[in-house]
Amino acid sequence: MARELKVRIDDVDGIKKKLCNLGAFIVSQDAITDTYFKQPEGKVLKLSQTRRGNFLTSLHAENGGFVIDKSEGLENPEETKKVLEQQFGIKCILEKRVTTYNYKSSKISIHRIRDVGDFVIVESENPDKKIITELLKIPNPEYITESFDELKK
């Protein structure tokens with residue numbers, strides 16, 4: 001199971017430059033609309049709509065981060081959205097631009113989320129905080145332990 005480590009960032013361009021200098025390479029850039037459905041505390045269910053495809057993802061909070069339980073492609077996202085909206089209700093919709101890099105055994109993505117902020121997510125089997133503090137040299141990182149839907153004001 002993949003795990004996530006999230007940090008709020010102020011300097012998107014600086015982080016992109018550091019990633020390139022480390023030899024990370026861009027694997028995708030996308031505009032994404034995430035529809036979050038109401039879930040019990042510590043659980044996340046979201047439908048992500050992108051130009052590359054549509055995905056339904058469920059996560060749960062664990063040890064100050066998130067574990068991805070399942071992520072599957074969807075053929076008919078609008079029908080799935082209607083069913084989930086009736087079953088759970090919509091919590092919020094977030095629009096973001098995401099640039100994803102591969103770096104060694106980690107996936108590192110920069111999320112620019114409208115009305116929420118800018119973030120780096122390190123995703124791997126066991127993401128190490130040293131990627132944030134030593135490789136990306138983010139001083140005093142603000143680790144985010146909530147789901148993005150919890151951060152929307």
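**Core, first pass.** I went for the largest nonpolar core of this predicted model. I get 17 residues in it. The ones with the most contacts inside are I15, L19, I110, V120, I132 and L136.

**Who supplies it.** Next I looked up the elements that give two or more residues to this core: helix 1 (12-21) and helix 3 (129-135), plus strand 1 (3-8), strand 6 (90-103), strand 7 (106-113) and strand 8 (117-124). Helix 1 gives the largest share, 3 residues.

**V120 up close.** I picked V120 and skipped its neighbours within four places in sequence. V120 then touches I15, I132 and L136, as well as I108, S109 and I110. My contact list for V120 also has L5, K6, V7 and I9.

**Helix 2.** Which residues are buried in helix 2 (residues 77-87)? I noted P77, T80, K81 and L84. Looking down the axis of helix 2, I see its buried residues within an arc of 100°, so they line one face of the helix.

**What helix 2 sits on.** I checked the partners too: the buried residues of helix 2 pack against strand 2 (25-37), strand 3 (43-49) and strand 4 (54-62).

**Leaving helix 2.** Last entry: just after helix 2, I find G89 with a positive phi of about 90°.

How values were computed. Residues numbered from 1 in each chain as written. Predicted model: local features only at pLDDT ≥ 70, side-chain atom pairs only at ≥ 80, totals over all residues. Heavy atoms only, no water. Buried < 20%, exposed > 50% of the residue type's maximum accessible area, 1.4 Å probe, protein only. Helix = DSSP H or I, 4+ residues; strand = E, 2+ residues; numbered from the N terminus. Arc of directions from axis to C-beta. Contact = heavy atoms within 4.5 Å. Core = buried A, V, L, I, M, F, W, Y, C linked by side-chain atoms within 4.5 Å.
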